[in-house]
Amino acid sequence: MKKRSYGFIVSIILIITSILPASAAGANSASKNDAYQKAYTEICKEYKNDEQFKMMVSDYGIEYGEKFLADATNNMLKSNLLRSGGGNECYQYVTNVMQTTSYNCGSTTTLQSLYGLNSATAVSGSTNAAKIATLDSEYNVAAQGSMMVYQVRDALNKYNSGNQTYTYQVASNMTIDQFETNIANSLTYCKPVVLHAKTAYLSYYGNKNLGHYLSLDYVNRTTDKVRIVDCNYNTTYYGVHSNIPLVEAFNTIHAESGRYLIY
């Protein structure tokens, strides 16, 4: 990741602090939809101090950040609609791919999701390893040590050939019901979910706590079970894991701070 001076970071924070309320006001004047106005204001407050949002605006600019806020608002409204509906089983299956290094689970999980979106061919490379290398290079993964949450979101939106749009949300303040609704909403709209996870909360990791990206491509809202597709280069953990309790998947992003749902 690019090195940022303290002064530069402070400048970005000040810019975000000044821009977000103005953006909300602009949305209010442009839209007569009270539900949208309310949701947009909530979104602005939620992301104003979000670390990934700050880095994203630093790298991609204010206009990109404002587009993100609009996308997050629309995601919120879709989730609100789905709370009273949607199927008991929601899925958008991905292809399991093994990561090629110890640190590129973000690039690999992104590729898995792009397979689920029928968009993996958009990434340059004739093999999965070559496609992962393309994403690693594009997002400076080797130098950073991992792919950032906002970069996973950017790659999914950039390479997706459909009209679905991804956002991300910090999960520490999310309830399990909100988590279930969000993943069901994403899968209903044909978007596989990405968990920015801590693995100790999954039984099959045996308390080993890694920072890791995981694909979630199925939820049964009656049995409260999900399917996780793990790209881990260690074959002990790699593979398709069905019938994972919903609460385990939830805790991978909820139990510790600074973890995200990308959906």
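Modeller: The chain holds 10 helices and 7 strands, where helices (H or I, at least four residues) and strands (E, at least two) are DSSP runs numbered from the N terminus. This is a predicted model, in which local features need pLDDT of at least 70 and side-chain atom pairs count only at pLDDT 80 or more, while totals for chains, interfaces and linings use all residues. Residues are numbered from 1 along each chain as its sequence is written, and side-chain values use heavy atoms, with hydrogens and water left out.

Colleague: What pLDDT does the chain average?

Modeller: pLDDT is the predictor's confidence in each residue, from 0 to 100, and where it is low, the predicted coordinates should not be read in detail. The chain averages a pLDDT of 89, and 86% of the residues score at least 70. Over residues 21-25, however, the pLDDT is below 50, and this stretch has 6 contacts in the model beyond near neighbours in sequence, a contact being heavy atoms within 4.5 Å.

Colleague: How many residues has helix α9, and what distance does it reach from its first C-alpha to its last?

Modeller: The expected span of a helix is 1.5 Å times one less than its number of residues. Helix α9, residues 176-188, has 13 residues and reaches 18 Å, close to the 18 Å expected.

Colleague: Which residues in α9 are buried?

Modeller: Buried means under 20% relative accessible area, exposed over 50%, and partly exposed in between, with a 1.4 Å probe and protein chains only. In α9 the buried residues include Phe179, Glu180, Ile183 and Leu187, and across the chain of 263 residues, buried ones make up 51%.

Colleague: At what angle do the axes of α9 and helix α10 cross?

Modeller: Two packed helices are described by the angle between their axes and the distance between the axes. Axes are lines fitted to C-alpha atoms, for helices over the stretch in contact, and angles run from 0 to 180 degrees between N-to-C directions. The axes of α9 and α10 (residues 246-254) come within 10 Å and cross at roughly 100°. The two helices are therefore roughly perpendicular to each other, given that angles under 35 degrees count as roughly parallel, over 145 as roughly antiparallel, 65 to 115 as roughly perpendicular and the rest as oblique. Ile176, Phe179, Glu180 and Ile183 of α9 make this contact with Leu246, Val247, Ala249, Phe250 and Ile253 of α10.

Colleague: Is glutamate 180 buried or exposed, and which residues does glutamate 180 touch?

Modeller: Glutamate 180 is buried, with a relative accessible area of 12%. Leaving aside residues up to four places away in sequence, glutamate 180 touches Arg221, Asp224 and Leu246. The C-alpha atoms of glutamate 180 and arginine 221 are separated by 7.7 Å, although these residues are 41 residues apart along the chain.

Colleague: What phi does cysteine 190 have?

Modeller: Most residues other than glycine have a negative phi, and most peptide bonds are trans. Cysteine 190, although not a glycine, has a positive phi of about 65°; cysteine 190 lies in the loop between α9 and β3 (193-198) and, at 34% relative accessibility, counts as partly exposed. Asparagine 243, which is not a glycine either, has a positive phi of about 60°; asparagine 243 lies in strand β6, residues 239-245, and is exposed, with a relative accessible area of 58%.
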